[in-house]
Structures are given as C-alpha cells and as structure tokens.
Amino acid sequence: MSELVVTLLRVGYLLVLWLFVVAALVVLRNDIFGTKVTPRGPGRGPRRPSPRPSRPAARNGPSRLVVTQGPLAGTTIPLGASSILVGRAAACTLVLDDDYSSNRHARFFPKDDGWWVEDLRSTNGTYVNGERLDQPVPLPVGTPVRIGQTLVELRR
C-alpha cells in the first residue's frame, strides 16, 4: 500500500513539474511573438460607426501635425475633426518608441476654431516652448511641443 502512495506522489509531482514547464513556454512564446490579433470580420462583434468626415482646415489654420525631432522625424499626421493621442500605447494615433514618454502622454484636440494641447498626467511632462503644461493650452502654428525626446508642431 505504501508503494502505491509513493508512486502516486511521484507521478503527481511530475505532472505539476510538466505543467510548470508548459506554462513557462507559453509565457516565453507570448513575449517573443506577441499577442495574436485577429481582424474583425462580418458577424464578429459589434460594428463601429463609420468615421465622421474630416472638417476642412481653416484658411490660416494648421492642417497637419509634424514630428520635427526624434526617432519619427518627418512623420506627418493630417488634422481632422477628432483629437490626436500621442504616447507609447498601441492605441495612440502617434505611437512613440521613446522611454521618456508615457503610454498616454498628450492629446491634441480641436476647440474654438483652433488646436489645443494637454498633458495627460504623464510622468515627464509635456512642454510647449520650454514650459511644462499643467492645463490645456491653445497651440499656435509652428510652436514646438516636446513629448519625451520627440518634438512636434502644427503646420499649415
């Protein structure tokens, strides 16, 4: 009887050990290859409403957000009716590969026939003309905005 108990304990121990090894391999695979994202097809989840058409740019207002300094220098994002989210998160409009920026760092948004910028409680702050933001401010064309090591500005 005692031999049976010892054998069952050995087999149980081996099973737990193999489950641990398999779990470790799954974690390593996800770290190396990332999470699989499947596109939505017909009949798979709720449909998103179609995006609103972009509002025409004001006559003398900005029409694009341009990265002027940093790893993404030269990147241009057209301005529309919706806000532009900047940070390291994949859900951002402008995704930065910058250790000094937060996941959701700053937001550029249209308001009162102009564009504004606000810091989204980032760790290292958002700077407009060298001054750290503590509230949303209007952003004139050509004014440099520093987000981490990246410099962006609105252009016509």
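The protein contains one helix and 11 strands, and the model described here is a predicted one. Of the 156 residues in the protein, 28% are buried, and the protein exposes about 11600 Å², of which carbon and sulfur atoms supply 57%. Where contacts between residues at least 6 apart in sequence are considered, 39% join residues that are at least 24 apart.

## The annotated segment

The UniProt record, an unreviewed entry, places the feature "transmembrane region" at residues 6-28. In the model this span is 100% helix and 0% strand, and the C-alpha atoms at the ends of residues 6-28 lie 33 Å apart.

## The five-stranded sheet

Five strands form an open sheet with mixed pairing, in the order E4-E3-E5-E6-E9. Its edges are strand E4 (94-95) and strand E9 (137-138), each of which pairs on one side only. Within the sheet, strand E3 (residues 84-87) and strand E5 (residues 106-111) run antiparallel and are joined by three bridges; in this pairing, valine 86 has alanine 106 of E5 as its bridge partner. In a regular strand, side chains alternate between the two faces of the sheet.

## Strand E11 and its partners

Strand E11 (residues 150-155) is mostly covered, since five of its six residues are buried. Strand E1 (residues 64-69) pairs with E11 in the antiparallel sense over five bridges, and glutamine 69 stands opposite leucine 151 in E11. Strand E10 (residues 145-147) also runs antiparallel to E11, and three bridges join the two; here the bridge partner of arginine 146 is again leucine 151 in E11. E10 and E11 form a hairpin with two residues between them, and glycine 148 in the turn has a positive phi of about 65°.

Leucine 96 and valine 86 are 10 residues apart along the chain, and their C-alpha atoms are separated by 7.2 Å. Leaving aside residues up to four places away in sequence, leucine 96 touches Leu72, Val86, Gly87, Arg88, Ser101, Ile147 and Thr150.

## The aromatic pair

The structure holds one aromatic pair. Phenylalanine 109 and tryptophan 116 form this pair, which is stacked, with 6.5 Å from centre to centre and 25° between the planes. Both partners are under the 20% cut-off for buried residues: phenylalanine 109 counts as buried because its relative accessibility is 10%, and tryptophan 116 counts as buried because its relative accessibility is 18%.

Aspartate 113 has a positive phi of about 60° although it is not a glycine, and its place is in the loop between E5 and strand E6 (114-119). Arginine 121, which is likewise a residue other than glycine, has a positive phi near 55° and lies in the loop between E6 and strand E7 (126-128). Are these two residues buried or exposed? Aspartate 113 is exposed, with a relative accessible area of 76%, and arginine 121 is exposed as well, with a relative accessible area of 82%.

The accessibilities of the individual residues discussed above are collected here.

| Residue | Relative accessible area | Class |
|---|---|---|
| Phenylalanine 109 | 10% | buried |
| Tryptophan 116 | 18% | buried |
| Aspartate 113 | 76% | exposed |
| Arginine 121 | 82% | exposed |

Definitions and conventions
Residues numbered from 1 in each chain as written. Predicted model: local features only at pLDDT ≥ 70, side-chain atom pairs only at ≥ 80, totals over all residues. Heavy atoms only, no water. Pairing = 2+ DSSP bridges. Helix = DSSP H or I, 4+ residues; strand = E, 2+ residues; numbered from the N terminus. Buried < 20%, exposed > 50% of the residue type's maximum accessible area, 1.4 Å probe, protein only. Contact = heavy atoms within 4.5 Å. Areas by Shrake-Rupley, 256 points an atom, 1.4 Å probe, with all protein chains shown as cover. UniProt positions renumbered as here; feature names shortened; annotations may be inferred. Phe/Tyr/Trp six-rings, centres within 6.5 Å; stacked < 30°, edge-to-face > 60°.
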